[in-house]
Amino acid sequence: MKKFDKDRLILGLAGPALALVVAIALTSVVLLASGRDPIEPYTLMIENAAYADIQVLILNQAGTYYLAALAVAVGFRMNLFNIGVDGQYRLAAMMAALVGASVDLPGPLHIALIVIVAMLTGAFWAGIAGILRTIRGVSEVVSTIMLNAIATSLIAWLILPDNFGVQPEGSNDLTTGEIAESGWFPSVSMGDGGEIYGFTFVAFALGIVYWFVLNRTRFGFDLRATGASQTAAAASGVDAKKMILTAMLISGGVAGLAGMPTLLGDTHTYSLSFPTGIGFTGITIALLGRNNPVGILFSALLIAFLDKASAVLDQYGYEKEIATIMQGLIVIAVVVSYELVRRYGLRRQQQKVGEELAAAARKNREEVAA
Amino acid sequence: MRRVTRIATVAIASTALAFSATACGKTSDSGSDSKEASAAIAYDIGGRGDQSFNDAAYAGLEKAEKDLDIKGNDQEPSEGESDADKVQRLTELARSGNNPVIGVGFAYAPAIKKVAPKFPKTTFGIIDDTSVTGKNIANLVFNEEQGSYLAGVAAAKATKTNKVGFIGGVEVPLIKKFEAGFAQGVKDTNPQVQVLKQYLTQPPNFDGFAKPDLGKAAAEGQLDKGADVVYHAAGLAGSGAIEAAASQGKWAVGVDSDQYKQPGLAKYKDKILTSVTKDVSDSVYNLIKSVKDGKPQSGEVRYGLAEDGVGLSDSNPAYQKMTDLIAAVDKAKADVVAGKIKVRTAP
């Protein structure tokens, strides 16, 4: 075990902190440029976040984001960029909803089946990209983006009433049918505030599993090693191709879970209005959280806060898209500030090493002279 | 440096995605803590400024503000939001005293089902859905297929190549109603006429309602195949279809509101034969008025040809000159209203 490194921790926190400050400052500039009060939107959002129902919304959304971001982070640790989380979770949620609605099992089994179907579907969809990458060398960036589009079409086809979809009487929506109550994940009621989806806690617990597997197991070490340098990993006996495929499968499996808080806790069906775009938000969050489970947790909460608390802005004459601008700026600021902090850290390290070497040389000279 | 470039790719890609997922900014009116009567609408995807569905609802609210002296509130959804967000939005609007609270679009059905029982004194309106019912819920629905049927009759009369085109924005059941009515109208009038149909996108990709370039490309494809009348049910994307048809000197049929009168399409209006109107604004206005009068609407409120809730516009002078066509449309309208013709709601 290496000992606790204060420098590293400070540098690690400096990146996100710098990014946030820059993003907030730039958003204020945008507000000023459009002739608005540059501070009021923030106070409005913070005031809004004091309400219990908004807090529940933020927490639930953060749980969903957390899963999507973990899925992206698994890929990042392996130097794989899984942009396909979005397609993976939507297809997974749809298949899970289909299977869940067509069977009737005792409670825990029913939920377990739905969750397993979701993970398998997500893993399968990501696995296609994994196989293409390992066998044909197709960049997973390209293939996963394309698979997103294919997933959209596939879902649209599957959900047609002629295939597996159901059009409820009098509705213009298409659904996969309602999952029986045994397949609902118990929620924690907060009174007037609403309900915290039970699966939100599963999501956060998965963060611990992620940390343990990556940092405390042989497999996690291999994964990180392959991500850092494929050739070096291969030289030490790691099958890089197998690692790529495994990482994609895990990433897809976790991505498959991203739709579960909503499916198991709220809608109990997959419909045309099932939330979309979570996979892309997950990329932002994984970046901001530096692929660290705790970092991702805070960034998921931050992005969820921006999403939900900004709804109030409309009522006070501000565009709630201010929050979206801020999210975009955060992404840019994150990349820039991480690079700055990295270079600063590197220079500091070089200086330190240089000083130590100079000190040693001085000592040597003195000894020679003596 | 490989690491850097990779992260940069990630950043650029995700920023681009984040921005592309953003609807353009629109302003909204202020909150409603005051005691005066107020009504609220919550928009569907696209929000205000979509030149179609949501704008029509807003027009109804605006009219109510003017004529009924009430205060109007409107709220926009976020891209890709969940039912929980809609529940929160409706709860907020109901709690702050708005009555009625109207959900624009079927996506609000699950949310209204949850919120309506909690506010028994507030009337909730939902457009395009009858699956949620309750004493304080008014389901505002339209017979889009009937209006589209008339468009089919008109198109079949106007075509010279015996080919007409249908462009649907997003392939959802609602738009299929437009297709079904149109195709039936064409076939009943002239079985020789072939209907080319195309949908722009599949859900959950709703670009097909928003991106004119998609509508333009689809219309050009149909025109190349010989169609000389193109009917679009694609919201804002349909303006591209109108542009394509008009610039080749072919007929376009508009949708939702009388597009001949839309300032944004003034350049092409001579070739906008007619439009299938869907009077969302009136339905919103009527509901607000009924609440104000103390007799709130409840249950299914249907707007069909008989109620002039859907129809065919005739503001184009060129249309008014086609007496043969107008006679056929009028006859078809009378038959539908009388129940002699049953129009299908699914293709």
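Reply: Let's start with a word we'll need a lot: a residue is buried if 20 or more other C-beta atoms lie within 10 Å of its own, exposed if 12 or fewer, and partly exposed in between, with C-beta atoms placed from the backbone. Helices (H or I, at least four residues) and strands (E, at least two) are DSSP runs, numbered from the N terminus. What you see is a predicted model, where local features need pLDDT of at least 70, side-chain atom pairs count only at pLDDT 80 or more, and totals for chains, interfaces and linings use all residues. Residues are numbered from 1 along each chain as its sequence is written, while chains are lettered from A and ligands numbered from 1 in the order in which they are written.

The strand to look at is β4 of chain B, residues 124-127. In a regular strand the side chains alternate between the two faces of the sheet. On one side of β4(B) you'll find B:Phe124 and B:Ile126, and on the other B:Gly125 and B:Ile127. All four are buried, leaving both faces of the strand covered.

Who sits beside it? Strands pair if DSSP finds at least two bridges between them, and here 3 bridges join β4(B) to strand β3 (residues 101-103) of chain B, running parallel. Across that pairing, B:Gly103 stands opposite B:Ile126.

The loop between β4 and β5 (137-142) of chain B holds B:Asp128. Its phi is near 70°, a positive value in a residue other than glycine. B:Asp128 counts as buried because it has 27 C-beta neighbours inside 10 Å.

Chain B has another parallel pair to compare: 5 bridges join strand β1 (residues 38-42) to β2 (residues 71-75). In that pair, B:Ala40 stands opposite B:Asn73. Of the 5 residues of β2(B), 4 are buried, so the strand is largely enclosed by the rest of the structure.

Stepping back, chain B has 11 helices and 12 strands, and buried residues make up 61% of its 347 residues. An automatic or database domain assignment sets the domain bounds, dividing the chain into domain 1 (27-142 + 281-303) and domain 2 (144-277 + 316-338). Their C-alpha centres lie 29 Å apart. Among contacts in chain B between residues at least 6 apart in sequence, 68% join residues at least 24 apart.

The interior is worth a visit too. A nonpolar core is a set of buried Ala, Val, Leu, Ile, Met, Phe, Trp, Tyr and Cys residues joined through C-beta atoms within 7 Å. The largest one has 215 residues, and those with the most contacts inside it are A:Ala68, A:Ala69 and B:Ile112. Helix α3(A) gives the most to this core, with 17 residues. Both domains of chain B also give residues to this core, so it lies between them. Leaving aside neighbours within four places in sequence, A:Ala69 touches several residues, among them A:Gly282, A:Ile285 and A:Ala300.

How far can you trust the picture? The predictor gives the complex an ipTM of 0.82 and a pTM of 0.85. There is also pLDDT, the predictor's confidence in each residue, from 0 to 100. For chain B the mean pLDDT is 86, and 90% of its residues reach 70 or more. Over residues 1-5 of chain B, though, the pLDDT is below 50, and this stretch has 1 contact beyond near neighbours in sequence. Residues 15-34 of chain B are also below 50, yet that stretch has 51 such contacts in the model. Where pLDDT is low, the predicted coordinates should not be read in detail.

Key. Two residues are in contact if their C-beta atoms, placed from the backbone, lie within 7 Å.
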